[in-house]
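Welcome! Here is a short tour of a structure, written for someone meeting it for the first time. Keep the picture open beside you as you read.

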Amino acid sequence: MERELVAAARSGDDVAFARLIETEAPRVYRAVLAIVRKPEDAQEVIQDASIRAWRRLGALREDDRWPAWYRRIAVRQAIERAKAAGRRRVRETYIDAAVGHAGLDPSETWAERVDVMRALGRLAADDRAVLGLRFGADLEVPDVAEALGIPLGTAKSRLHRALGRLATALGDGNEE
Amino acid sequence: MKNDEPILTSEEQAARALRVALHHIAAQEPVRVDASAWLARARAVGATRSRVGRRLLPGLAAVIVVVLVATAAVAVWPRWAAPEPGATASPAPSIPGSAGHFDNGTFSFDYPKTWRVLSGAYDEETISDLFEVLVYGVLGTGDWSTGCRRTRTSGECPGDQADVSGGRIVVKVSTFVRSPFDTCRAGASPNVTLGPNAVRRNDGGAAAGGMIVWQIRRPGGEFHSSGTVEIGVWGAADPDRLAEVEALVASFRWASGVYASGECIPTPTPSLSHFDAGGVSFDYPSSWRVLVSPPDGAFFMGYGDHRPPLHGAARRLD
């Protein structure tokens, strides 16, 4: 079914492309959220990545590689955005301010989410990417590797190290 | 007391906390992907075109088409007939303005005189009626070509190819005419100021040799909307080239009288009207109209043809 949609989208079927994005974007959004950490930035990355995918769909050579191809575009955009933000030393609005602003629950559960997102902020963008794909997008490690364009062994070791750093960052945060 | 909870390592706890956090935040603020909105717009575009086509007399339509094409060619795309990049027998492409200065009557900017004009204006319509980019010009010192030049027959748009090796640069100046993602994203704020221009820089495409984009919104308008000018650059990783682009963006000026139009204009603070009836009183935006006002004191008001649709209801409790 997905292959048919990709083929249709390649031939100019907007409906098919919309369906593809609608299916894949929510999953990728969670991975992007881990990388850029702000929902509005993640929204923007998804939209930009989808536009890029739409424009470059002709460059996708194998229809069954669509999900990995789209994820890779989005994750690359997110990593670049995160790195650029770091280089420019943009004052960050933390996730608690950004989302709390929307009037969402200020509960203890929410505070835990904020701690996690702050801990993520202490990790490199590449670490956040591998964690986001694994635990946000819920991808198996081979799919994480494909989305990042790295060998499976590299993905495994990077995931292991990133998880260790996250655990340390969370521990440090709890001690503050 | 029996505890069935497995003992988790700190890594396992971190993984679980991360998964819960990401899913929770995404559920609270989900990604905005609205296929039905795309489809509605696609149908609207198609319906508008077919409706217009049916209603106009063929002769009148021909006259209008000629006038429109001539007007567009003179006023908007003065170099519509610019040659395909790389076409050896064609004259060199040009853009409105003079060497080192672009001016199409809507906006202007300066650029280094060492840059060549790689392409004049063209309409980049990729595959679908829903997506269209108007390119004002492509400048720089590198090599560039595009596969997205009215390619509806080929059905493919492989995208731009730019070679900026050796410290060269390619700059593409364009705007969205239509986009399936052309949603008003009020709140997207500038993230860099160059000269008098508060603009939005997006490095998202820089990976794998992609482009960095500076968005310049129309006065009174939003980023990401139709009419916003995009300065897309390949080669800006080179500090010298980056300085050139930043100087270009700093010199960018809209012509007087150019303002944002359409649906992406920020909503002004509404003027208020006052409701006072049946023992209930409150203020509400003057743009709202009372939709139903039954005699029992219940009433509804709102506006349904604006985004986001909003309706309110109130009832006096006796």
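## A first look

Chain B has an accessible surface of about 16,700 Å², and carbon and sulfur atoms account for 57% of it. Chain A exposes about 7,800 Å², with 46% supplied by carbon and sulfur atoms. Please keep in mind that this is a predicted model. Its scores are ipTM 0.87 and pTM 0.50.

**The two chains**

- Chain A holds nine helices and zero strands, so you can follow its elements from the N terminus as α-α-α-α-α-α-α-α-α.
- Chain B has four helices and 19 strands.
- In chain A, 56% of the 176 residues are buried.
- In chain B, 41% of the 318 residues are buried.
- Take the contacts in chain A between residues at least 6 apart in sequence: 68% of them join residues at least 24 apart.

**How confident is the predictor?**

- Chain B has an average pLDDT of 69, and 53% of its residues score at least 70.
- Residues 151-155 of chain B have a pLDDT below 50, and the model gives this stretch 11 contacts beyond near neighbours in sequence.
- Residues 294-311 of chain B also have a pLDDT under 50, and here the model has 49 contacts beyond four places in sequence.

- Which residues of helix H1 (residues 2-10) of chain A are buried? They are Leu5(A), Val6(A), Ala8(A), Ala9(A) and Arg10(A).
- An α-helix has 3.6 residues a turn, so residues three or four places apart point the same way.
- After H1(A) comes Gly12(A), which has a positive phi, near 105°.

**Nonpolar cores**

- In soluble globular proteins, nonpolar side chains tend to be buried together.
- The largest nonpolar core has 70 residues, and the members that touch the most others are Val32(A), Trp66(A), Leu131(A) and Leu166(A).
- Helix H2 (residues 14-36) of chain A is the element that gives the most to this core, contributing 13 residues.
- Setting aside residues up to four places away in sequence, Leu131(A) touches Leu120(A), Leu123(A), Gly136(A), Leu159(A), Ala162(A), Leu163(A), Leu166(A) and, from chain B, Leu18(B).
- There is also a second, separate core of 30 residues, and its members include Val173(B), Val192(B), Val199(B) and Val245(B).

**Aromatic rings**

- Across all chains, a search of the whole structure turns up 14 aromatic pairs.
- One of these is the edge-to-face pair of Phe107(B) and Tyr136(B), with 4.8 Å from centre to centre and 90° between the planes.
- Phe107(B) sits in strand S3 (residues 107-110) of chain B and Tyr136(B) in strand S6 (residues 132-140) of chain B, so their pairing ties together parts that are 29 residues apart in sequence.
- Ring pairs join a cluster made of Phe102(B), Phe107(B), Phe109(B), Tyr111(B), Trp115(B), Tyr136(B), Phe252(B) and Trp254(B).

- Val135(B) is part of strand S6 of chain B.
- Val135(B) counts as buried because its relative accessible area is 0%, and the cut-off for buried is under 20%.
- How far apart in space are Val135(B) and Ser174(B), C-alpha to C-alpha? The answer is 4.1 Å, although 39 residues separate them in sequence.
- Glu230(B) belongs to strand S13 (residues 229-234) of chain B.
- With a relative accessible area of 17%, Glu230(B) is buried.
- The side chain of Glu230(B) makes a polar contact of 2.9 Å with the side chain of Gln215(B).
- Leaving out residues up to four places away in sequence, Glu230(B) touches Lys172(B), Val173(B), Ser174(B), Phe176(B), Val213(B), Trp214(B) and Gln215(B).

Terms used: Residues are numbered from 1 along each chain as its sequence is written. Chains are lettered from A and ligands numbered from 1 in the order in which they are written. This is a predicted model: local features need pLDDT of at least 70, side-chain atom pairs count only at pLDDT 80 or more; totals for chains, interfaces and linings use all residues. Side-chain values use heavy atoms; hydrogens and water are left out. Helices (H or I, at least four residues) and strands (E, at least two) are DSSP runs, numbered from the N terminus. Buried means under 20% relative accessible area, exposed over 50%, partly exposed in between (1.4 Å probe, protein chains only). A polar contact is a pair of N or O atoms within 3.5 Å; within protein, one must be able to donate a hydrogen and the other to accept it, and residues adjacent in sequence count only if both atoms are side-chain atoms. Contact means heavy atoms within 4.5 Å. A nonpolar core is a set of buried Ala, Val, Leu, Ile, Met, Phe, Trp, Tyr and Cys residues joined through side-chain atoms within 4.5 Å. pLDDT is the predictor's confidence in each residue, from 0 to 100. Rings of Phe, Tyr and Trp (its six-membered ring) pair if their centres lie within 6.5 Å; planes under 30 degrees apart count as stacked, over 60 as edge-to-face and the rest as tilted. Accessible areas come from the Shrake-Rupley method with a 1.4 Å probe; for residues, only the protein chains shown count as cover.
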